Amino acid sequence: MSQIHVSQTHLSEELRLLHEFGYSDLDMPYQSVGVHSNKDIREPDTHADMRILDVIAVCLTTGHPGDVVAAAFDKRERITLILAKNGDVLPADYTVTTTFLYALTTARGWIDLLPFLVRHGKENMDKRIRNLHQSISDLYDDLRSAAAQYSFETMEEEFPHSERYRKALYPDQRVTIDVMLDGLIRTCRDASIFEMHEDQTSFLQYVQLFGAADALQNSRFLLQLTSDRNLLNLERRERAERLKRRLGKICQYARIEQLIKMVKRLPNIPFRWVEDNLIGTGEGTFEIGVDSMDAVSRGLQGELSSQDIDAINERFPRLARNWDQRRFINPRIHAELRIILHLSPTLLSGSPTVFLSAHAVQRPIGCSKRSCLCCVLWIDAFNSGTRMLWMTSGSHGKPYDNWALPGAAGEMKGVRAWRRFDEHVIMGVYTRLTDTLAWVRKLAAKRISDEHASSGSDSDGSEGAEDDRIGKIWAGDHVAGLPVPMN
Ligand SMILES: [Zn+2]
């Protein structure tokens, strides 16, 4: 076995342990920790591109486990859309992309993309609807009791950007704020128990759910719950934050409006899928060690006492069984890193001054799912080694054992210390594992998030709500607005 494959197997074992321990970098005190969203540090142009690229990636993912798509613009000459995925690129990916871009040119609004989205990304949509339902059902009683004690401002302050929705649902405008809020909470719960199908009933259900989700996501009431600093309400705040992210994912498709504007501005935008044959990486199929406890001792670089083993078994009773059930791993280079490995060599060789530049240009990459722990660590190391500034919209900070070391694929002209990129990940994971095991040893009670985050929960507007047609659909005029399924 080559050195990279030895390193890869150890890394994958450590990542598997961290995963079994429910680890996430969020809220951890490490440098360059994951953040759900980094929108506060984005330049305005980066922010605009990031939102568009995130939506493109979300539209092109199927939602199958492991099917993660990343997207970036190559702006060197004619602007070109660069796409990558964790798995192999297939001829169908080109067909789907062409269909998608064509659908954008003929769409009047984002809801005209629903037939495409259901056909291609039903699984992703269903997951988002299901997750919202789970989140709001969990929080339902708390939301109702918080609403009962809440002091209301004006309708406009309570529900910004929701005028069209209010007018459609309450044409006489006589609804009170508490009734409106109660209706939104109830609708988000009761109208999120369907699956998407290629028919107008599903399209209608989605548009109706979107209306309530958008208004609730932007409500002052939810903002107050997510910014509650009272430690007694910490758990409720975390659940409210999760709810807000999930509402954001339902509404993210409305940002297709921006894509429609983009293809009007840039018709026939060329695209390509990254299909580079990467050499010297940690990709392949490997078998991890037989015994999870051996992997723990390797992680700790020392023998485990019987108390250690008892503590781990008590805290993680399913570790041994889960370990045994999946002994073979198939690590792949993640989609966002494929984009960086594809575009950086030409950017670096084309502009040697990039190394000397005091103000590196932010280079956004959109992702259908927020970046994982290892991608964040590797991108940080790559950026500090090259002075480039690649960024994705945020991270869920979680470890995946199928994350492949880029290895020699990170070697490019003018970059001497490329081995350090992988080493930074290996050390970062090792540190987190030893710290976690030290914590397990102490059996300190600490809650670790199990949130399956993905991109698309920034909430700063409701582009889709401006569409007149949607107002009519909400108001009951379904025939006027709903798209027809694809042939
Ligand atoms: Zn990743």
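Good morning. The axes of helices H2 and H11 come within 9 Å and cross at roughly 105°. H2 and H11 are therefore roughly perpendicular to each other, a label given to angles of 65 to 115 degrees, with those under 35 counted as roughly parallel, those over 145 as roughly antiparallel and the rest as oblique. The axes are lines fitted to C-alpha atoms, for helices over the stretch in contact, and the angles run from 0 to 180 degrees between N-to-C directions. From H2, the contact is made by Arg51, Ile52, Val55, Ile56 and Cys59, and from H11 by Ile256, Gln258, Leu259 and Met262. Contact here requires C-beta atoms, placed from the backbone, within 7 Å. Helices are DSSP runs of H or I with at least four residues, numbered from the N terminus.

Two remarks on the source. This is a predicted model, in which local features need pLDDT of at least 70 and side-chain atom pairs count only at pLDDT 80 or more, while totals for chains, interfaces and linings use all residues. Residues are numbered from 1 along each chain as its sequence is written.

Let us stay with H11, residues 256-265. Its buried residues are Ile256, Glu257, Leu259, Ile260 and Met262. A residue is buried if 20 or more other C-beta atoms lie within 10 Å of its own, exposed if 12 or fewer, and partly exposed in between. The buried residues of H11 pack against helix H2 (44-60) and also helix H3 (91-106).

The second pair is H12 (residues 292-300) and H17 (residues 419-442), whose axes come within 9 Å and cross at roughly 110°. That makes H12 roughly perpendicular to H17. Val296, Gly299 and Leu300 of H12 meet Leu433, Thr434 and Leu437 of H17.

I turn now to the domains. An automatic or database assignment divides the protein into domain 1 (1-61 + 275-285 + 328-447) and domain 2 (124-248). Their centres, taken over C-alpha atoms, are separated by 34 Å.

Which residues touch the most other members of the largest nonpolar core? They are Ala71, Ala213 and Trp378, in a core of 111 residues. Domain 1 and domain 2 both give residues to this core, so it lies between them. Such a core is a set of buried Ala, Val, Leu, Ile, Met, Phe, Trp, Tyr and Cys residues joined through C-beta atoms within 7 Å. Leaving aside neighbours within four places in sequence, Ala213 is in contact with Leu132, Cys188, Leu247, Ile250 and Cys251.

How values were computed:
Two residues are in contact if their C-beta atoms, placed from the backbone, lie within 7 Å. Helices (H or I, at least four residues) and strands (E, at least two) are DSSP runs, numbered from the N terminus.
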